[in-house]
Amino acid sequence: MEIALIIVLILFFILAGVLGPQRAISFIPALLVLAVLIVFFGYMIVVFFPFILIYIIWNMLTGKSNTNRTKTYYYRSTSNAEDFEEFFKRANQQNSGYYYGGNYGNNGSNYNNYNNYFEDKTKYYSVLGIQQGATQEEIKKAFRAKAKEHHPDKYANATQAERDYHEKKFKEINEAYEKLTK
């Protein structure tokens with residue numbers, strides 16, 4: 001306990017020298033809390049030190065280490081980023097039709113948790129009504145035509161069911177365009 005009080009007194013005099021005696025007095029409650037913590041945790045360390053020491057020595061002698069470590073791998077680029085992106089584009093073309101890492105969502109549609117390059121994009125081409133592997137210009141042209149056809153503002157005076165249908169189609173068209181132009 002004496003050591004805790006000595007540490008707190010030293011901190012008080014340092015604060016008084018740096019901030020002045022008036023401001024150092026305002027720190028007395030915080031310093032008393034610090035002293036109580038030092039006393040309590042100091043006591044805990046002294047009481048449990050033999051057990052802590054035995055545990056450390058035991059782990060050193062048995063050679064046990066934390067086996068749950070995860071390794072981190074970094075991609076080190078030896079060329080430009082375009083080569084890296086091209087690798088994933090080619091991998092996507094080779095694996096088209098196969099769906100990686102996804103599960104089926106509540107609405108029954110394919111949902112990819114990782115939103116990665118291995119996503120099956122064939123449905124997006126069919127939503128826009130274009131051939132697979134279309135150019136960005138063809139995708140943009142098809143998107144504009146489909147968006148104009150199903151735009152919700154065009155069906156403002158239609159029945160609720162018809163408005164809901166076209167709104168759903170419009171969302172699908174937007175999603176397809178976003179996925180194909182990434």
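Visitor: How many helices and strands does the chain have?
Guide: The secondary structure of this predicted chain comes to seven helices and two strands.

Visitor: In what order do the elements run?
Guide: Starting at the N terminus, the order is α-α-α-α-β-β-α-α-α.

Visitor: What share of the residues is buried?
Guide: Of the 182 residues in the chain, 18% are buried.

Visitor: And what share of the contacts joins residues at least 24 apart?
Guide: That share is 39%, counted among contacts between residues at least 6 apart in sequence.

Visitor: Let us turn to the helices. How do α6 and α7 pack?
Guide: Helix α6 covers residues 136–150 and helix α7 covers residues 160–180. Their axes are 9 Å apart and form an angle of about 170 degrees.

Visitor: Why are they called roughly antiparallel?
Guide: Angles over 145 degrees count as roughly antiparallel. The angle here is about 170 degrees, and α6 and α7 are therefore roughly antiparallel to each other.

Visitor: Is the crossing left-handed or right-handed?
Guide: The crossing of α6 and α7 is left-handed.

Visitor: Which residues meet there?
Guide: From α6 come Q136, I139, K140, F143, K146, A147 and H150. In α7 they meet Y165, H166, K169, F170, I173, N174, Y177 and L180.

Visitor: How do those residues divide into nonpolar, polar and charged?
Guide: The contact of α6 with α7 has eight nonpolar, four polar and three charged residues.

Visitor: Now the cores. Which residues touch the most other members of the largest nonpolar core?
Guide: They are Y125, L128, I130, I139, F143 and L180, in a core of 13 residues.

Visitor: Which elements give two or more residues to this core?
Guide: Those elements are α5, which spans 122–128, together with α6 and α7.

Visitor: What does F143 touch?
Guide: Leaving out residues up to four places away in sequence, F143 touches L128, I173, N174 and Y177.

Visitor: What other core lies apart from the largest one?
Guide: Another core, of six residues, lies apart from it, and its members include F12, A16, A24 and A35.

Visitor: One more topic: where does K121 lie?
Guide: K121 is in the loop between β2, residues 110–112, and α5.

Visitor: Is K121 buried or exposed?
Guide: Its relative accessible area is 19%. Buried means under 20%, so K121 is buried.

Visitor: How far apart are the C-alpha atoms of K121 and Q132?
Guide: They are separated by 8.6 Å, and the two residues are eleven residues apart along the chain.

Technical notes. Residues numbered from 1 in each chain as written. Predicted model: local features only at pLDDT ≥ 70, side-chain atom pairs only at ≥ 80, totals over all residues. Heavy atoms only, no water. Axes fitted to C-alpha atoms, helices over the stretch in contact; angles between N-to-C directions. Helix = DSSP H or I, 4+ residues; strand = E, 2+ residues; numbered from the N terminus. Parallel < 35°, antiparallel > 145°, perpendicular 65-115°, else oblique. Left-handed = near helix turned anticlockwise from the far one by under 90°. Contact = heavy atoms within 4.5 Å. Nonpolar A, V, L, I, M, F, W, Y, C, P; charged D, E, K, R; others polar. Core = buried A, V, L, I, M, F, W, Y, C linked by side-chain atoms within 4.5 Å. Buried < 20%, exposed > 50% of the residue type's maximum accessible area, 1.4 Å probe, protein only.
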